[in-house]
Every structure is written in structure tokens, then in C-alpha cells.
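Biologist: I am new to this structure and would like to learn how to read it. Could you take me through a few features, step by step?

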Amino acid sequence: MNEFDYVIIGNSAGAIGCIEGIRSVDNTGTIALVSEEAHHVYSRALIPYFLSGATGTSGMAFRPPDFYERAGVRLFLNKKAVKINFGDKEVVLDDGNKLGYGKLLLATGGKPVFPPIPGLRKKNVFSFHSIKDALGIKQHMAGARNAVVLGGGVIGLMAAEVLLKKNIKVCVLELADRVLAPVVDVTASRMVEETFREAGVEVLTNNTVAAVHGKEYVEKVTLQDGRTIPCDLLIVGIGVTPRVELAEETELEVDRGIVVNEQMQTSVSDVYACGDCISVYNFVTGLKQPLPLWPNAYLGGRIAGVNMAGKTREYTTGTSMNAMHFFDLNLINAGVNATADGDADWHVVSKLDPEKKIYRKFTIDRDGVLRGFILIGQVARAGILLNLMRKKIDVRGFQQELLRDNFGYADLPDLIRWHLLKEHMILGVV
Amino acid sequence: MQSICTCFTCLFIFLQMGEKEEMGRILIKPEVCIGCRLCEIWCTVAHSKTKNIIKAFLYEEVRALPRVQVEEKLPLTFPMQCRHCEEPDCVAACISGALSKDPGTGRVDHDAEKCVGCFSCVLACPYGCININENERKVVKCDLCRELDTMYCVSHCPNEALVFVNE
Ligand SMILES: Cc1cc2nc3c(=O)[nH]c(=O)nc-3n(C[C@H](O)[C@H](O)[C@H](O)COP(=O)(O)OP(=O)(O)OC[C@H]3O[C@@H](n4cnc5c(N)ncnc54)[C@H](O)[C@@H]3O)c2cc1C
Ligand code: SF4
């Protein structure tokens with residue numbers, strides 16, 4: 001049996017974060033990485049850019065070709081981990097090989113949700129999740145004329161934009177009454193819907209696919225509202241769920257995702273997890289929940305790696321956060337977004353200019369702490385707002401300033417500003 | 001590396017240039033900043049094609065973008081540029097691998113070729129120091145004047161409100 005100090009399952013944001021975290025502490029420990037996909041590490045978040053032609057497959061590489069070699073990582077690509085024996089501390093691969101571990105990281109990511117619509121598995125139906133999906137879509141995109149996108153979330157909308165720009169007629173179906181429903185508020189959803197409609201995408205809310213028609217290929221779909229529309233390319237983008245199959249029937253605690261503590265440890269000793277497969281502490285809600293986003297995967301992995309290598313670090317800065325762009329509309333949000341004032345618990349400060357497509361909205365809790373924000377049109381320097389959230393700054397004293405388009409540190413009261421910037425400033429020279 | 005003359009003057013200059021490659025940061029003295037924005041102007045020059053102030057502002061086809069910006073709420077003014085954080089949030093957030101931390105120099109580097117303009121880093125940077133290049137739909141940031149012989153904002157501030165500190 002092969003023995004390693006560290007074994008990592010997965011080869012994406014979380015895995016790379018972990019390798020870099022381990023190597024920031026331990027330069028000599030042996031690392032093995034198991035990945036079901038055969039590719040060098042790539043960013044699945046670049047699929048829309050690949051399909052639009054902005055980047056080629058080589059441009060999707062998330063780290064240089066010699067990354068693993070320089071980091072001293074032994075690769076087991078194109079191999080699936082099928083079982084973990086926690087007692088013997090070994091991972092069993094689909095080819096029968098076993099890898100012993102000192103510390104183990106599960107970075108198995110998420111799997112795209114496929115709705116239980118009969119006959120949906122056809123040759124021109126794709127998820128929007130892997131290089132394999134992307135290559136399949138690219139191949140079918142060339143001859144397609146009528147695409148249907150199932151799901152009006154971030155992923156579905158990105159797919160819709162790419163397809164429209166390839167001169168394909170696109171219809172987006174969203175089961176909720178608005179697009180991006182859990183991510184942003186109603187006002188923002190309406191602005192996004194309008195942007196898509198102006199661009200020529202049909203956006204149907206309160207609607208979904210009731211039946212698909214065709215043998216090997218989808219030819220038409222019948223919608224929930226009874227209409228039947230032509231379809232020669234169907235993209236399923238209704239979300240991802242944590243991939244927890246390795247945890248099933250084991251003592252690993254799972255609550256939607258694999259549950260980890262702030263040090264990214266699972267309920268089994270020497271086993272860590274990160275990324276789309278976990279439920280992790282959200283500093284805004286105070287709850288453990290899946291936060292399936294690139295920065296959370298990378299940072300969670302990095303912190304797991306540091307802990308695996310023997311130092312103690314905590315990951316307590318994760319929350320829901322998105323930087324999105326649809327056509328010429330830029331949108332950034334973070335945290336939770338209340339639709340209106342909520343009794344005494346929180347209040348909302350906002351400004352809206354529908355003509356110029358500008359929206360700034362802040363949800364502030366009873367202690368004056370920013371719980372979430374949405375920026376549309378003006379997204380510059382958004383990170384300062386996220387920093388105010390993370391540092392739990394009481395913003396009530398300057399809440400109207402938040403609405404300024406170039407809000408910055410100069411707009412903060414002296415005490416708060418110099419406190420937040422103290423490591424970077426030399427004060428008291430005059 | 002380029003071969004250099006080995007007379008003492010040249011060696012001295014070379015060693016000083018070498019110093020720029022050491023780990024260090026630019027610190028800011030807000031109280032002596034007068035808001036003249038010469039740091040922004042010279043940052044534009046530093047990132048222009050010609051490195052010539054007249055050409056950079058008047059004749060180059062696309063004017064380079066400054067990576068330092070002066071924050072202003074009069075009478076307060078002070079410059080801010082990338083802090084080259086020890087564990088940068090922007091690098092953690094970058095979906096393309098365009099941002100990286102150079103282990104040797106500590107500099108946070110941005111590879112414009114790889115950048116897809118998703119603005120995840122704009123959301124991640126706690127200092128608001130990743131600037132948007134609207135024309136190209138990419139970002140620009142401070143590169144500590146890599147490949148130049150001085151840091152232009154530091155050397156052109158008339159009041160020494162920007163200082164480079166070796167660490
Ligand atoms: C189209 C698209 C666009 C996105 N855009 C953004 C964005 O702009 N910003 C953002 O923050 N996030 C974005 N995301 C989300 C982001 O890509 C994910 O959060 C991130 O990829 C999660 O990384 P991960 O390491 O948890 O796992 P994943 O990227 O899901 O990778 C897990 C890997 O593990 C492998 N694996 C799983 N089980 C096994 C096993 N048993 N044995 C071996 N290997 C296994 C899988 O094959 C896979 O390669 C986007 C996602 C998609 C699909
Ligand atoms: S805008 Fe460019 S540098 Fe910034 S996160 Fe996106 S790809 Fe990376």
C-alpha cells in the first residue's frame with residue numbers, strides 16, 4: 001500500500017488551496033491527490049468564458065503546468081475514490097489501489113442537480129459544470145437554433161447569455177417568481193430580468209419543463225403552462241448539491257454537506273473537508289450551511305491545509321458573495337439581503353436609479369452592523385463593504401455615505417478609518 | 001539577467017536596484033499628503049508604453065490607468081494602492097488563477113492575459129485597491145513598478161507621503 005502524509009480527494013479550488021496551505025507550513029510531507037477527472041487543474045467557473053471564446057481550454061488551467069511537480073504532489077488522475085476506511089486510515093480507489101493517509105482532505109465538490117423529468121437524459125441535454133459538459137455544449141452550439149435553459153440562477157443566466165451571443169434563440173425557465181431568487185432581492189432580480197429581455201432572451205418565471213419530446217435528441221419541450229416550444233439544446237442549471245457519497249453510511253456527520261468546524265475538521269479525526277461538498281460556518285447568519293463559491297472553496301482548503309500541517313487556523317470569514325455580470329450589467333452582492341425593513345431587527349438603506357441601472361442597497365442590523373449589500377452598476381471598491389461586514393463595524397453614523405458611488409475609506413469617521421488601516425499608515429508625523 | 005558593468009558606481013546602482021526586489025511594502029503618511037495626485041499621474045506614466053509624461057497623457061492611443069488612487073474628503077486626502085497582503089483575499093477569490101503571490105518578493109501579481117474580468121477580486125479586496133479597466137473588462141493593480149528602476153509614486157511624491165519600507 002502507498003502511504004502518504006496527506007491525501008486529497010478532488011482537484012479543484014479546494015484541493016489547490018489545501019496544497020498551498022500545507023506547503024506554507026510543511027515543505028517535505030508527502031502529498032497524494034486523487035481526481036476522477038483526468039485533466040490538469042482547471043477552473044469550472046471559466047466555462048462561460050470558454051464557450052464565449054474569451055479563453056481556450058489551456059486558458060482554463062488554474063495553475064501553471066508544473067504546479068504539482070513544484071509542490072511535490074503525487075497525482076492519481078482519472079481515478080475515483082470509492083471508499084474510505086477511517087479505522088485503517090486508507091482510501092480505496094476504483095482500480096483497487098489503496099492509499100494510506102496521515103491526514104485526509106475531502107474536496108469532492110458539488111454535483112449538478114438533474115430534475116426528475118422523464119426522458120431528460122438525451123444527447124443534447126447538458127449540465128453546465130465540467131469540461132466534459134463544456135466540450136459537449138460547444139459541439140452542439142454550432143448547429144443549435146433554439147436553446148432552453150432550465151434554471152434562472154447565476155449558472156443558468158450565464159449559460160443563457162453565452163448562447164444568445166452565439167445567435168441562438170434562448171428561453172430561460174425559472175420555477176420561482178423571479179430570477180436569482182435566493183441570491184438578491186426583488187428589485188435586483190427585476191433589473192436582471194429586464195437586461196435579459198432587452199438583449200432578446202425570453203425569461204419565463206413560475207415555469208419549468210413538464211415533458212421533453214424526441215428520441216435520442218430533444219426536439220421540443222412542453223412547459224408547465226402547457227405551451228410546447230422547439231428545443232435543440234437544453235442546459236440544466238438549477239443548482240449543485242454537495243457530493244457526499246463517500247460519507248454515506250459512515251460516521252462522518254452530514255447536514256446537507258459534510259459538516260466541518262472552524263478548523264475545517266469533520267466529525268472524524270484526521271479528516272478535513274472544504275468547498276462545495278461541505279456545510280460551513282457563515283459569519284453573517286451564524287449557521288452552518290453550504291456556501292458553494294470559489295473563494296470559500298479555496299480559502300477553506302487553504303486553512304484546512306495549514307491545520308493538517310499542524311498549525312491552528314480558523315475559517316470564519318465565509319459567507320454568500322457573488323460578483324456577476326450579465327451583458328453590460330455589473331452586479332456584486334454579499335451576505336443576506338432583506339427585501340424591506342424588518343421590525344426592529346434590521347433596516348434598509350438604498351438608492352435606485354432605474355434609468356441608469358444603478359442600485360445600491362444595504363441591510364443593517366439592530367447593532368448597526370452591515371448584514372448584506374447589493375451593488376448594481378457601481379461595483380468599484382465593493383471589498384471595502386465586505387470588510388466592514390467582516391469587522392462588524394457599526395455603520396449607522398455614516399450610513400448615507402454608503403450610497404455614494406465612490407464610497408471609500410475617506411468617508412469613514414477618523415477613528416474607524418485609522419483603526420482599519422493602522423497597519424498601512426504612519427500617523428503622528430506632524 | 002542582463003550583464004552589467006562592474007565598476008563600483010554601476011555595482012552600487014545595481015545593488016540598489018536589487019533592493020527593490022526585497023520583501024517590503026509602501027506605507028502611507030496621510031497627514032503630509034496634500035492631494036496633488038502626482039502619485040496617480042506618475043503611476044500612469046509608469047504603466048504607459050513610453051514612460052514619458054507628455055506622450056503618456058497626450059499621444060498614446062490608450063492612456064494607462066493609475067493603480068494608486070487618492071482618497072479625498074477635504075481637508076483629508078491620502079493615497080491607497082495594493083497592500084500586497086501576506087495572505088491576499090484577492091488571490092483566494094480569483095477564479096482564473098490570474099492573481100498570485102510571488103513567494104520571493106511578496107508582491108501580488110496580476111496576469112492580464114489570464115484575467116477574465118469577473119471582478120471577484122474587486123469584491124474580495126478589503127482595501128478597494130483592485131481597479132476596474134472598463135475598456136478591456138479586466139482589472140489593474142499596483143505591481144510595485146516591477147521592471148522599473150524606482151517606484152514612481154514613492155519617488156515622485158513631493159512630500160514623501162509614500163515610503164517604501166523593507167521588511
Ligand atoms: C459555470 C460555473 C461558473 C461559476 N462561477 C463562479 C464564480 O464566478 N464565482 C464563484 O465564486 N464561484 C463560481 N462557481 C462555483 C465554483 O466553481 C465552485 O464553488 C468551486 O469549483 C468549488 O470547488 P471545489 O474544490 O469544492 O470542488 P469542484 O470544483 O466541484 O471539484 C471537485 C472535484 O472532485 C472530483 N471528485 C469528486 N468526488 C471524487 C471522488 N470520489 N474521487 C475522485 N475525485 C472526485 C470531481 O470530479 C471534481 O473534479 C461557478 C461554477 C460553475 C459550474
Ligand atoms: S477579475 Fe481577473 S484577476 Fe480579478 S478575480 Fe476575475 S479573473 Fe481574477
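Modeller: We will start with the ligands, then turn to strands and loops.

Modeller: First, some ground rules: this is a predicted model, in which local features need pLDDT of at least 70 and side-chain atom pairs count only at pLDDT 80 or more, while totals for chains, interfaces and linings use all residues. Residues are numbered from 1 along each chain as its sequence is written, chains are lettered from A and ligands numbered from 1 in the order in which they are written, and side-chain values use heavy atoms, with hydrogens and water left out.

Biologist: How many residues surround ligand 1, and which are the closest?

Modeller: A residue counts as near a molecule or strand if one of its heavy atoms lies within 4 Å of it. Here 34 residues surround ligand 1, the closest being S12(A), E36(A), E37(A), R44(A) and D276(A). The site is shared between chains, because residues from chains A and B surround ligand 1. By class, the shell has 17 nonpolar, ten polar and seven charged residues. Ala, Val, Leu, Ile, Met, Phe, Trp, Tyr, Cys and Pro count as nonpolar, Asp, Glu, Lys and Arg as charged, and the others, Gly among them, as polar.

Biologist: Which elements of chain A supply residues to that shell?

Modeller: Helices (H or I, at least four residues) and strands (E, at least two) are DSSP runs, numbered from the N terminus. In chain A, α1 (13-23), β2 (31-35), α5 (154-165) and α7 (294-308) each supply at least two residues. α7(A) gives the most, with three residues.

Biologist: What lies 2.6 Å from an oxygen atom of ligand 1?

Modeller: A polar contact is a pair of N or O atoms within 3.5 Å; within protein, one must be able to donate a hydrogen and the other to accept it, and residues adjacent in sequence count only if both atoms are side-chain atoms. At 2.6 Å from that oxygen is an N or O atom in the side chain of S12(A). A nitrogen atom of ligand 1 is 2.9 Å from a backbone N or O atom of A81(A).

Biologist: And which residues come nearest to ligand 2?

Modeller: Of the 13 residues around ligand 2, the nearest are C94(B), S96(B), C115(B), C118(B) and C121(B). That shell holds nine nonpolar, four polar and no charged residues.

Biologist: How should I read a sheet?

Modeller: Strands of a sheet pair through backbone hydrogen bonds, either parallel or antiparallel. Two strands pair if DSSP finds at least two bridges between them. In chain A, five strands form an open antiparallel sheet in the order β22-β23-β26-β25-β24. β22 (321-326) and β24 (346-353) of chain A stand at the edges, each with a single partner strand, so one side of each has no neighbour in the sheet. β22(A) pairs with β23(A) (residues 329-335) over six bridges, and F326(A) has L329(A) as its bridge partner.

Biologist: Which strands pair with β6(A) in the parallel sense?

Modeller: Strand β1 (residues 2-9) of chain A pairs with β6 (residues 98-106) in the parallel sense over seven bridges. β19 (residues 271-273) of chain A is also parallel to β6(A), over three bridges. By contrast, β5 (residues 90-93) of chain A runs antiparallel to β6(A), joined by three bridges.

Biologist: Where is P75(B)?

Modeller: P75(B) is in the loop between β2 (69-73) and β3 (76-80) of chain B. A cis peptide bond joins L74(B) to P75(B), with omega about 5°.
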